[in-house]
Amino acid sequence: MIYRITGFLLLIETAMLLCCGGVSLLYHEDDLISFLQSASLTALMGVVLLFIGRGAEKQLGRRDGYVIVTVAWLAFSLFGMLPFYLSGYIPSITNAFFETMSGFSSTGATILNDIEKLPHGLLFWRSMTQWIGGLGIVFFTIAVLPIFGVGGIQVFAAEASGPTHDKVHPRIGITAKWIWGIYAGLTGTLIILLMFGGMNIFDSICHAFATTSTGGFSTKQASIEYYHSPYIEYVISIFMFISGINFTLLLLFVNGKLKKFVHDAELKWYFWSVTGFTIVIAAILYYNSSMGVEEAFRKSLFQVASLHTSTGFATADYMTWPAITWGMLTVIMIMGACAGSTTGGIKSIRLVILAKVSRNEFKHIIHPNAVLPVRVNKQVISPSIRSTVLAFTFLYTVLIIAGTLAMLGLGVGLTESLGCTISSLGNMGPGLGLCGPAYSWNELPDAAKWLMSFFMLLGRLELFTVLLLFSSDFWKKN
């Protein structure tokens, strides 16, 4: 069954590649042949896997779900890098894989030093990888798993972000379709608004894909700064913020359940975090630069929203801002937005739970015999979920330390090592120092690029999904 589903996924990717080939044909550019070659190879492998998996038992275990998710991301990235490599625009296998993994994991880090040299087909492919990877390749296939006669809950458990997995409909496939509807609706609305702001239709589509997926790939080397448009900056800031909200919560909003939406604890944390950091950084910029009030607020809002939601767009090189803002933006990168969204980072709901657990510990010291449950949205958080949140946060911290040390061992500077590790694990895009928003990651050693690609996968699939595969107990039959 794993072979069959992976083969079916590769046929979906084939259709995506042909779609981008159509863009190349429309613009009469030289990357068309590479898309046709890539689509042929991907389709061939898809058919072979479907053939191997013929007659499979129509059932999936929880373990199968974790394997499918990880294999799907790796397969999509391996075949997705073919257009870059075969076209010769990214002649290194390491760089081609890094760029593709960055896309499908909606990270947005790039090795390209002149993005505008790429033909339209490859630029569209970069944006499409983020749009498909943002909400989840596998979350998409949950809606089509009934074709194989199997359920999607195991896959959903492995792919969905956050400590809890919300279902707003008893059938997970129906939930997936509704959420994909909202995702597509946000994208379509943003395309229209960006066109009103003066972007051409191609750039509008690509930037809408990168915004709603919180990916951050731009068609311009200077990112959003290229347009010098306050209107575009505000519109993208708003849509980045919306894309950082839990999609099941957005579904409640669409269905008119405003009370649940407004009073959600995670949304409140996320909103006030964005608001607080924006005001403080804007004040620092106003008093330490030549920016006026409006410009300081706009630049601050955009960069806070961009890094809080792990999008990674830029309207300024924040490495030229006062050093205290670097620290604040790094904290924002680690925090992330809401669970159940397309974003990276630790996620706001985990921080809410950790804050409440910490508060209860203070109360326990004063009242040792008190029974103090942790409640979020009037629901008691079970000890198992609290344990998972603590384990995730500990593991996240350990991985940042380990990744930074490994990068230092590969000869990368301290600032860049820390920034790249936090950025990759949190699927942010820009890092710090020479890997900041004004630079590409091309100068990193190849070994560092492979390591950061692995960290992107880890972050996108919430650590445990991938790391479980390295556990001997996971592979035992019982």
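**Salt bridges and packing**

Modeller: Start with Asp 203 and Lys 220: their side chains meet in a salt bridge, 3.7 Å from N to O. The term means a side-chain nitrogen of Lys or Arg within 4 Å of a carboxyl oxygen of Asp or Glu. This is a predicted model, where local features need pLDDT of at least 70, side-chain atom pairs count only at pLDDT 80 or more, and totals for chains, interfaces and linings use all residues. Residues are numbered from 1 along each chain as its sequence is written, and side-chain values use heavy atoms, with hydrogens and water left out.

Biologist: Where do Asp 203 and Lys 220 lie?

Modeller: Asp 203 is in helix α10 and Lys 220 is in the loop between α10 and α11, so the pair ties together parts 17 residues apart in sequence. Helices are DSSP runs (H or I, at least four residues), numbered from the N terminus.

Biologist: Is Asp 203 buried or exposed? And Lys 220?

Modeller: Asp 203 counts as buried, at 5% relative accessibility. Lys 220 is buried too, with a relative accessible area of 14%. Buried means under 20% relative accessible area, exposed over 50%, and partly exposed in between (1.4 Å probe, protein chains only).

Biologist: How many salt bridges by this rule?

Modeller: The count comes to eight. One of them pairs the side chains of Arg 126 and Glu 99, at 3.0 Å from N to O. Arg 126 sits in helix α6 and Glu 99 in helix α5, so this pair links parts 27 residues apart in sequence. Both Arg 126 and Glu 99 are buried.

Biologist: What about Glu 294 and Arg 298?

Modeller: Their side chains form a salt bridge too, 2.9 Å from N to O. They are four residues apart in helix α15 (residues 293-308), so about one helical turn separates them. Glu 294 is partly exposed, with a relative accessible area of 38%. Arg 298 is buried, at 9%. Salt bridges with shared partners join Glu 233, Glu 294, Arg 298 and Lys 299 into one network.

Biologist: Now packing. How do α18 and α20 cross?

Modeller: The axes of α18 (residues 383-409) and α20 (residues 446-460) come within 11 Å and cross at roughly 170°. That makes α18 roughly antiparallel to α20. Axes are lines fitted to C-alpha atoms, for helices over the stretch in contact, and angles run from 0 to 180 degrees between N-to-C directions. Under 35 degrees is roughly parallel, over 145 roughly antiparallel, 65 to 115 roughly perpendicular, and the rest oblique.

Biologist: Which residues meet there?

Modeller: From α18, Leu 399, Gly 403, Ala 406 and Met 407; from α20, Ala 448, Leu 451, Met 452, Phe 455 and Leu 458. Contact means heavy atoms within 4.5 Å. These residues divide into eight nonpolar, one polar and no charged. Here Ala, Val, Leu, Ile, Met, Phe, Trp, Tyr, Cys and Pro count as nonpolar, Asp, Glu, Lys and Arg as charged, and the others, Gly among them, as polar.

Biologist: And α14 with α17?

Modeller: The axes of α14 (residues 265-288) and α17 (residues 348-366) come within 9 Å and cross at roughly 100°. So α14 is roughly perpendicular to α17. Their contact residues divide into seven nonpolar, one polar and one charged.

Biologist: Backbone next. What is phi of Ser 106?

Modeller: Near 55°, a positive value in a residue other than glycine. Ser 106 is in the loop between α5 (93-104) and α6 (120-135). Ser 106 is buried, with a relative accessible area of 0%.

Terms used. Helix = DSSP H or I, 4+ residues; strand = E, 2+ residues; numbered from the N terminus.
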